Amino acid sequence: MVKLNKIYTRTGDDGTAGLVDGSRTSKAGARMHAIGEVDEANSALGVVIAHLSDKKLSEALRRIQNELFDLGADLATPGEVEGALRIEESQVERLEQEIDAMNADLDPLTSFILPGGSAATAQLYLARAVVRRAERAAVALWDGEEVNPHVLSYLNRLSDHLFVSARAHAASEGTGDILWQPGATR
């Protein structure tokens, strides 16, 4: 476990952040940008959980929040470091299994879905969009530096998971999907 006795260290006052391997990198660089986007995605999930009454979904999202911390640690570990915390394929596969289980009870899509509904459903859709942004930041990092490919798969699958979670939550509330109606305002 991590033990923090002092929150501020002053080591980042020069615009750099420490990485797991002991190196320092610019807080404005691609690696820190990706880590920050993952942090925001994790915070968005916390807001979702605060709006949920569905205990099963809340527990799944809490597990995902822990995994996002692991994913952030993975991104903060450039290169090979013995014992480094890494996202694994089994975590991606578990998300896929959960997506399939939730999706099995949903009607097939007939249109794109407008994000909205109850506060919790709307927050799930917002969290999905934030995860997509984190994924884009991780891909931008990957374009220039080595990144565990399971990080990219996990973020891609997580956005799908949140989309299906939002649909399933809306269905459980009886509100269902809010379908896009192309050209409806003409």
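Predicted model: local features only at pLDDT ≥ 70, side-chain atom pairs only at ≥ 80, totals over all residues.
Reader: What box do the C-alpha atoms fill?
Author: Along the principal axes, the C-alpha atoms of the protein chain fill a box of roughly 50 × 40 × 30 Å.

Reader: And what share of the residues is buried?
Author: Of the 186 residues in the protein chain, 39% are buried. Buried means under 20% relative accessible area, exposed means over 50%, and partly exposed lies in between (1.4 Å probe, protein chains only).

Reader: Let us turn to the helices. How do α4 and α5 pack?
Author: Two packed helices are described by the angle between their axes and the distance between the axes. For α4 and α5, the angle is about 170° and the axes are 9 Å apart. Axes are lines fitted to C-alpha atoms, for helices over the stretch in contact, and angles run from 0 to 180 degrees between N-to-C directions.

Reader: Which word describes that arrangement?
Author: α4 and α5 are roughly antiparallel to each other. Angles under 35 degrees count as roughly parallel, over 145 as roughly antiparallel, 65 to 115 as roughly perpendicular and the rest as oblique. The contact of α4 with α5 has 17 nonpolar, 5 polar and 6 charged residues. In this classing, Ala, Val, Leu, Ile, Met, Phe, Trp, Tyr, Cys and Pro are nonpolar, Asp, Glu, Lys and Arg are charged, and the others, Gly among them, are polar.

Reader: How do the axes of α1 and α4 lie?
Author: The axes of helix α1 (residues 30-51) and α4 come within 8 Å and cross at roughly 170°. That makes α1 roughly antiparallel to α4. Their contact has 18 nonpolar, 3 polar and 4 charged residues.

Reader: Where is A134, and how far is its C-alpha atom from that of E37?
Author: A134 lies in helix α4, and it is buried, with a relative accessible area of 0%. Although A134 and E37 are 97 residues apart along the chain, their C-alpha atoms are separated by 4.6 Å.

Reader: What about L52 and A137?
Author: L52 is placed in the loop between α1 and α2. With a relative accessible area of 11%, L52 is buried. L52 and A137 are 85 residues apart along the chain, and their C-alpha atoms are separated by 28 Å.

Reader: Is S58 buried or exposed?
Author: S58, in helix α2, counts as buried because its relative accessibility is 13%. From S58 to F163 there are 15 Å in space, C-alpha to C-alpha, and 105 residues in sequence.

Reader: A new topic: how many aromatic pairs are there?
Author: The structure holds 2 aromatic pairs. One of them is formed by F112 and W180, which are tilted at 5.7 Å centre to centre with 50° between the planes. Rings of Phe, Tyr and Trp (its six-membered ring) pair if their centres lie within 6.5 Å; planes under 30 degrees apart count as stacked, over 60 as edge-to-face and the rest as tilted.

Reader: Where in the chain are F112 and W180?
Author: F112 is in the loop between α3 (89-103) and α4 (119-142), and W180 is in the segment after α5 (149-173), 68 residues apart. F112 counts as exposed, because its relative accessibility is 62%. W180, at 40%, counts as partly exposed.

How values were computed. Residues numbered from 1 in each chain as written. Heavy atoms only, no water. Helix = DSSP H or I, 4+ residues; strand = E, 2+ residues; numbered from the N terminus.
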